[in-house]
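Thanks, everyone, for making the time this morning.

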Amino acid sequence: MASDRKNVPAIDSSELKDLTEKLMTACHILDHEGVTDGYGHVSVRVPGADAFITIANVSPGCVTRDRLIMQDFDGNYLAGANTPPNEWPIHACIFKARSDVESVSHTHSKWSTIFSVLPIKLKPMHHYGKFLSADGPPIYEGIGLVRTVERGNDLAKALGNGPAVLMRAHGDAVVGESIEQVIERTTRLAMLGEWNHLALLHSEPRYLNAQELEVYNADQRFPMRGWEYYVSRLKDRR
Ligand SMILES: [Zn+2]
């Protein structure tokens with residue numbers, strides 16, 4: 001189905017200024033925290049339209065306003081720098097499949113990659129992992145970059161209704177209701193991967209079970225202090 005172009009605001013409109021600013025900040029955070037390297041991207045849904053904005057073919061840490069791109073959910077170019085990232089279908093297919101998702105990140109996180117190839121699941125062992133199920137995120141088994149809609153749909157299927165999916169021998173994709181939530185989840189997934197790795201060096205960890213996760217999830221507030229903290233850590237590079 002063709003996207004509804006009538007509702008698409010201009011990428012440089014005042015309406016989208018805060019959102020695009022936040023998107024660039026999100027990319028800089030993932031770079032600064034060492035979750036992404038020269039590759040990876042964050043995207044955001046354009047409010048009220050079948051479209052999203054992500055970074056053009058540029059490293060997350062290097063993104064500037066003139067290197068943002070807007071595409072529809074079929075991958076058609078709408079506005080901005082006309083060099084779509086190789087793996088745009090990750091974003092397009094997840095947004096199309098999940099109307100509850102406002103933002104998506106894709107990283108080549110070493111921690112997600114390690115647990116994507118081991119017979120051991122990355123599981124919640126701290127309340128930072130309360131957004132995950134007790135079994136941890138599923139794994140998308142497809143090998144190779146997600147450069148086609150077919151692969152993107154397979155990835156979205158592996159993600160299901162969850163918050164994150166590991167991508168075998170590749171990285172991860174994380175979704176959320178806001179850019180801030182996606183950054184919190186993406187950074188915490190990396191922290192949990194590292195902590196799982198460290199704990200497993202000693203013995204079998206006592207992971208949090210479903211009932212224990214429910215205790216933490218009884219509180220669904222989303223404090224902004226995590227986002228503020230990461231933004232504050234960018235001040236020296238701006
Ligand atoms: Zn990738």
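Let me begin with Leu-155, which, leaving aside residues up to four places away in sequence, touches Ile-90, Cys-93, Tyr-140, Gly-142, Val-146, Val-165 and Ala-173. Please keep in mind throughout that this is a predicted model. Leu-155 belongs to the largest nonpolar core, a set of 51 residues, and it is listed there with Ile-94 and Ala-173 as having the most contacts inside that core.

Now to the helices. Helix α1, residues 14-32, packs with helix α5, residues 179-200, at an angle of about 5 degrees and with the axes 10 Å apart; since angles under 35 degrees count as roughly parallel, α1 and α5 are therefore described that way. On the α1 side the contact involves Lys-22, Leu-23, Ala-26, Ile-29 and Leu-30, which meet Ile-179, Ile-183 and Thr-186 of α5. By class, the residues of this contact comprise six nonpolar, one polar and one charged.

Next, the strands. β3, residues 68-72, and β4, residues 77-80, pair in the antiparallel sense over three bridges, and Met-70 has Ala-79 in β4 as its bridge partner. The two strands form a hairpin with four residues between them, and in the turn Gly-75 has a positive phi of about 90 degrees.

Finally, which residue other than glycine has a positive phi near 60 degrees? That is Ala-169, located in the loop between β7 (164-167) and β8 (171-176). As background, most residues other than glycine have a negative phi. Ala-169 counts as exposed because it has 12 C-beta neighbours inside 10 Å.

Notes: Residues are numbered from 1 along each chain as its sequence is written. This is a predicted model: local features need pLDDT of at least 70, side-chain atom pairs count only at pLDDT 80 or more; totals for chains, interfaces and linings use all residues. A nonpolar core is a set of buried Ala, Val, Leu, Ile, Met, Phe, Trp, Tyr and Cys residues joined through C-beta atoms within 7 Å. A residue is buried if 20 or more other C-beta atoms lie within 10 Å of its own, exposed if 12 or fewer, and partly exposed in between; C-beta atoms are placed from the backbone. Two residues are in contact if their C-beta atoms, placed from the backbone, lie within 7 Å. Axes are lines fitted to C-alpha atoms, for helices over the stretch in contact, and angles run from 0 to 180 degrees between N-to-C directions. Angles under 35 degrees count as roughly parallel, over 145 as roughly antiparallel, 65 to 115 as roughly perpendicular and the rest as oblique. Ala, Val, Leu, Ile, Met, Phe, Trp, Tyr, Cys and Pro count as nonpolar, Asp, Glu, Lys and Arg as charged, and the others, Gly among them, as polar. Two strands pair if DSSP finds at least two bridges between them.
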